[in-house]
Amino acid sequence: SSTYDMDNDGDVDIVDITMVTYNYGWTCGKDQLETIDFSDFRNDQVALSIKEGEANSENNILEAQLFIENIEQLGGFELGLEFNAKRIQIVEVSSGDFLTSNQRHTMLIKNEMEAASGSILFAETSIGGKESGAFGAGQLVNIKYKSLDGNPADFTISDGQLARIDGQVIP
């Protein structure tokens, strides 16, 4: 059991990091966040989707965005994505703007890509202020890639965990 395993589940992940930022207030104290009302938190229709963008004709770079919908009080996330490494070459994986939509600051936790196995692991948390977590719909991750066979990628979400700003898991 690690000192940083705040939820005692045997690993240190985005939930633990979000709990630490909430409880120890890297930008503000927990007492400032107690005014947030979580009583109407709804998560029964949370949806994640991947949308393909248009190709940039100058350098043939395509974009895919990972979106979330119907979420309230999102404080952090950790998501695994898979892709066919024989079909695409990843150029860049970056943060979307959804976690900053309520003026909270963000901290990138993981941005790991395994080209040979065709996997991406991306984790980010938000910190600070009295502001509530992100709600509604928005972009979590942006992926730029080159198609090796001329077709769009078919990314799939392989694993993931969502957390409220207080570190509670969003099922």
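Lys110 is partly exposed, with a relative accessible area of 25%, and I would like to start from this residue, keeping in mind throughout that what we are looking at is a predicted model. Lys110 forms a salt bridge with Glu78, and the closest N and O atoms of the two are 3.8 Å apart. Since the cut-off for a salt bridge is a side-chain nitrogen of Lys or Arg within 4 Å of a carboxyl oxygen of Asp or Glu, this pair is counted.

Is Glu78 buried or exposed? Its relative accessible area is 15%, and because buried means under 20%, Glu78 counts as buried. If we leave out residues up to four places away in sequence, Glu78 touches Lys110 and also, among others, Asp13, Ile14, Leu121, Phe122 and Ala123, as well as Asp159, Gly160 and Gln161.

How many salt bridges does a search of the whole structure find? The search finds four, and I will now turn to another of them, in which the side chains of Asp154 and Arg87 meet at 3.1 Å, N to O. This pair links distant parts of the chain, with Asp154 in the loop between β6 (134-147) and β7 (156-164), and Arg87 in the loop between β2 and β3 (88-95), 67 residues apart. Asp154 is partly exposed, with a relative accessible area of 48%, whereas Arg87, at 17% relative accessibility, counts as buried. Arg87 and Asp154 also belong, together with Asp149, to a network of salt bridges, so please look for Asp149 as well when you find this pair in the structure.

Let me finish with Asp166 and Arg164, which form a salt bridge whose closest N and O atoms are 2.6 Å apart. Here Asp166 is buried, with a relative accessible area of 12%, and Arg164 is buried too, with a relative accessible area of 14%.

To return to where we began, Lys110 is partly exposed and its partner Glu78 is buried, and the two are joined by a salt bridge.

Note on methods: Residues are numbered from 1 along each chain as its sequence is written. This is a predicted model: local features need pLDDT of at least 70, side-chain atom pairs count only at pLDDT 80 or more; totals for chains, interfaces and linings use all residues. Side-chain values use heavy atoms; hydrogens and water are left out. Contact means heavy atoms within 4.5 Å. Buried means under 20% relative accessible area, exposed over 50%, partly exposed in between (1.4 Å probe, protein chains only). Helices (H or I, at least four residues) and strands (E, at least two) are DSSP runs, numbered from the N terminus.
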